[in-house]
Amino acid sequence: MTGIWFIGAYGAVATTTLTGLAAIKKGAAPRVQAGIVTESPECDPIRSKFPLDDIKLGGTEVRFLDKNAFQASEKIWEENYHFQRHYLDAAKNELSKVYAKKGTAINCGPGVQALGNLQTLEADGLTLPEIVGQLMKDFESFKNKNGEVVMMNVASTEQHIPLSEEHQSLDAFEGLIDENKVEKVTASMLYAYAALKLKIPYGNFTPSHGATVPAIRELAIKNKVPHMGDDGKTGETLMKTTLAPMFKMRNLKILGWAGFNILGDDDGVTLSKDKNKESKIESKDKAISSSIGYSPFSITEIKYFPPLVDHKVAWDYISYRGFLGTKMALQFTWHGIDSILAAPIAIDIARCLLFAKSRGEFGAIHELAFFFKHPIDDIIGDTFKQYQIFTDWVHEGRKIELSKMQAKIITE
Ligand SMILES: NC(=O)c1ccc[n+]([C@@H]2O[C@H](COP(=O)([O-])OP(=O)(O)OC[C@H]3O[C@@H](n4cnc5c(N)ncnc54)[C@H](O)[C@@H]3O)[C@@H](O)[C@H]2O)c1
């Protein structure tokens, strides 16, 4: 038996994943699901070891804590109609029994505050050591019931706070917690810390700090737990890191890449605030340079457009130079449904981290770069190379030589 614990359990990505998994278990959805990479024959070792119908579900939230996961999923579904209703009905029995636990929103930034009506442990008067203690209690109880479990952070994108000396070593970071230095930590750091303390692998589907902080990475090594991030690669960035290598292979020089994204729903609300948006733009921006080895002029814009709800539209304009210096352009419009793209990838990351743990691997699992916009330690962005690295890892357990696979960006 295995389990996935979602941070941000009642959001669009989490509820779509929860509904999909519960519907698959019930036999209402086809077992071999389009979009789940680990269901493809190339990933046989993973799909046979961690079957989809054997995954238990739980999570943490900071809103709608009076609702169960079915009611939360139904609410998101009614706003989007992003899949057929019968999947939700099939999931009802299981999801009605899942109630998210209360989490923390410390230093998540104005984008998360803008969601309104937050219910948090800090608002109940808990100090940092008490918050960590409560999170660990929730995670441990889930683990005790379900065997090997993994945490997926699919909460709203938080702001980045400046990292200082205290974030560089585990001892110093634990000092921050003990001394209740609230201004020095963010919620995602606390979730990652609590999970890794309990040897629960941690996947960061968001650009938030999570386990990327050196002190928390040290904990992952010390406790021999795998983790990976950051920020699921699902839509426009997947296109960027797939198209950009084509220009490189044909020796066409990309002069500039402008990407304009509009999206609705709560993710759009969060990303409409500059401090939260900055984390996302940074991770989207790096994707092109890490795919081609240089940084063309780049514009990445994200705007909140409520009528789209969970749909996302991106328009990209790529200016490039060819033979005899002639300038040309490529444009594309991407139209996706965010959570339908994201849910299967969240399942993939969770399964891969469980797989890594079962093979005794720990620390950042760089071979999973394929799934992320901004893979930890700046692994190259090129989707094709990443896929090769990933499948070699699945089949042969081949680990990459980090320095050879890091993106080297030439600045002209
Ligand atoms: N295709 C995609 O949808 C995609 C791709 C890559 C990354 N992401 C990232 O995944 C995350 C989730 O996206 P979404 O569309 O589901 O967003 P969403 O706004 O629908 O859901 C986020 C949920 O997290 C909850 N939350 C916020 N702060 C929290 C905290 N500190 N602790 C616990 N819960 C918290 C919110 O209440 C909300 O229910 C976002 O960070 C987004 O940027 C999404």
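These are my notebook entries on two helices and on two places where helices pack.

**Ground rules.** I'm working with a predicted model, where local features need pLDDT of at least 70, side-chain atom pairs count only at pLDDT 80 or more, and totals for chains, interfaces and linings use all residues. Residues are numbered from 1 along each chain as its sequence is written. My helices (H or I, at least four residues) and strands (E, at least two) are DSSP runs, numbered from the N terminus.

**Entry 1: helix H9.** Which residues of H9 (residues 214-222) are buried? I found Ala-215, Ile-216, Leu-219 and Ala-220. Buried means that 20 or more other C-beta atoms lie within 10 Å of a residue's own; 12 or fewer makes it exposed, anything in between partly exposed, and C-beta atoms are placed from the backbone. The four cover an arc of only 150° around the axis, so they sit on the same side of H9. That arc is taken from the directions from the helix axis to the C-beta atoms.

I then looked up what the buried residues of H9 pack against: helices H7 (170-178) and H8 (187-197), plus strands E6 (226-228) and E11 (363-364). Contact means two C-beta atoms, placed from the backbone, within 7 Å. Just after H9, I spotted Lys-224 with a positive phi of about 55°.

**Entry 2: H7 against H9.** The axes of H7 and H9 come within 8 Å and cross at roughly 115°. Axes are lines fitted to C-alpha atoms, for helices over the stretch in contact, and angles run from 0 to 180 degrees between N-to-C directions. H7 and H9 are therefore roughly perpendicular (65 to 115 degrees; under 35 is roughly parallel, over 145 roughly antiparallel, the rest oblique). From H7, Leu-170, Ala-172 and Phe-173 make the contact; from H9, Ala-215, Ile-216, Glu-218, Leu-219 and Lys-222 do.

**Entry 3: helix H4.** In H4 (residues 85-95), I found Leu-88, Ala-91 and Leu-95 buried. Their arc is only 70° around the axis, which puts them on the same side of H4. His-86 and Asn-93 are exposed on the other side. Helices H1 (12-25) and H3 (69-80) are included in what covers the buried residues of H4.

**Entry 4: H1 against H3.** How do H1 and H3 pack, by angle and axis distance? I got about 115°, with the axes 9 Å apart. H1 and H3 are therefore roughly perpendicular to each other. Ala-12, Thr-15, Leu-18 and Thr-19 of H1 meet Ala-69, Ala-72, Ser-73 and Ile-76 of H3.
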